[in-house]
Amino acid sequence: MREQLDAAIRAVIDCNAFAGGPFVAAFERDFAQYCGSPQAIGVGNGTDALWLSLLALGVGPGDEVITVPATFMATAEAISYCGARPKFVDIDERTYTLDPSLLEAAITPKTKAIIPVHLFGQCADMDPILEIATRRGLPVVEDACQAHGALYKGRKAGTMGITGCFSFYPGKNLGALGEAGGIVTGDQALAEKIRVLRDHGQHRKYYHSQIGWNARMDGIQGAVLSVKLKHLNVGNVKRHSHALLYDQLLGDTREIITPFEAPYGSHVYHVYAVRVQNRNQVLQAMADKGISCAIHYPVPVHLQEAYRFLGCEKGSFPVAEMCAEEFLSLPMFPELTNPQIHAVADELKLCISGRKPLSNCLK
């Protein structure tokens, strides 16, 4: 895409449209159309998207927001920066997303919102979550930061809650050349609140109706994202194809649990995370073979030092904790070749051969 990106960046420079402006507006229109949402708002990053969504919904000090401990820190940070407290619910062992059967019990009079996380590119089971939320009068903010283009029963990730929040960090399926994020919503009044909040609380230039923040998207990132959005579907199809080949090559190995794709949707495999015992040793063994794997995320949020004040002990959310000790992310990006995938799978099986198999009903 280099030539297309160079041309897009030159166009921004020619117009001096660096902070917000027409290139961001164009991307907002394109991304809203892609998601099938009436409104899209470009912001500085995915954390801003979550935080501003909660602020616009009136979440503040003394409130609780329900989410999962198996996520990147930003999900909880956005809650904390509103002055609220995260209230965690464990994940489903197959999908690694919020377990709807545990949701109702976590709701208290202080609960003001629910944030399901579409982890690794797979949507949470949204219908039961939305049913509970609607019955209890709670807004749902989708953390779709890893799920650009993922589907749930034919609906795009981000379009089922009151807002859907996206990160366009460079490594995402739709990644900028730097930091950027976005929000989609069908609520026009809420969209206007967020637009004011992202721009220092200005309802028009130099007229500040409230205290806001500088969370605008850069013009260069808007232009870059408009180019890369045109390639997103093709990239997602390739990721899905790569995942199927990994599944085929690794699925019969008892020591490895491959990702489960729920029948209700379409996974976009931002991350292809298997589960293995002695994960850190396997990670090093793969590195020794010249294969760079990764860990997403080694410490669940409730056990992070920053959230010690919540008083959650080890064992509080056993499924999230177990997965955090076993997740190993294999190479996953559209440009992978089949021989590379075969090489990764062959080396992984060699690295885990002879190890104790995972005892799991899914295998």
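Leaving aside neighbours within four places in sequence, which residues is Asp99 in contact with? They are Val89, Asp90, Ile91 and Asp92, where contact means heavy atoms within 4.5 Å.

1. Basis. This is a predicted model, in which local features need pLDDT of at least 70, side-chain atom pairs count only at pLDDT 80 or more, and totals for chains, interfaces and linings use all residues. Residues are numbered from 1 along each chain as its sequence is written, and side-chain values use heavy atoms, with hydrogens and water left out.

2. Overall form. The chain has 12 helices and 14 strands; these are DSSP runs numbered from the N terminus, with helices (H or I) of at least four residues and strands (E) of at least two. Along the principal axes, the C-alpha atoms fill a box of roughly 70 × 55 × 35 Å. The radius of gyration is 21 Å, in agreement with the value near 21 Å for a compact globule of 363 residues. That radius is taken over C-alpha atoms, and the globule rule is 2.2 Å times the number of residues to the power 0.38.

3. Burial and contacts. Of the 363 residues, 55% count as buried, that is, under 20% relative accessible area with a 1.4 Å probe and protein chains only. Among contacts between residues at least 6 apart in sequence, 70% join residues at least 24 apart.

4. Asp99. This residue is in the loop between strand E3 (85-88) and helix H5 (103-106). Asp99 is buried because its relative accessible area is 16%. Its side chain makes a polar contact with the side chain of Ser101 at 2.7 Å. A polar contact is a pair of N or O atoms within 3.5 Å; within protein, one must be able to donate a hydrogen and the other to accept it, and residues adjacent in sequence count only if both atoms are side-chain atoms. The C-alpha atom of Asp99 is 9.6 Å from that of Pro128, 29 residues apart along the chain.

5. Largest cavity. Its volume is about 80 Å³. A cavity is a set of points on a 1 Å grid over the protein atoms alone where a 1.4 Å probe fits but cannot get out, and lining residues have an atom within 4 Å of a point. The lining has 13 residues, with Ala70, Thr71, Tyr297, Ala320 and Ala324 nearest the centre. Helix H11 (residues 318-326) gives the largest share, three residues.

6. Second largest cavity. The volume here is about 60 Å³. Its lining residues include Arg94, Thr95, Tyr96, Phe260 and His267.

Technical notes:
Buried < 20%, exposed > 50% of the residue type's maximum accessible area, 1.4 Å probe, protein only. 1 Å grid on protein atoms, 1.4 Å probe; cavity = no way out; pocket = protein on both sides within 12 Å on 5 of 7 lines; lining within 4 Å. Points joined across faces, edges and corners; volume = space filled by probe spheres on them.
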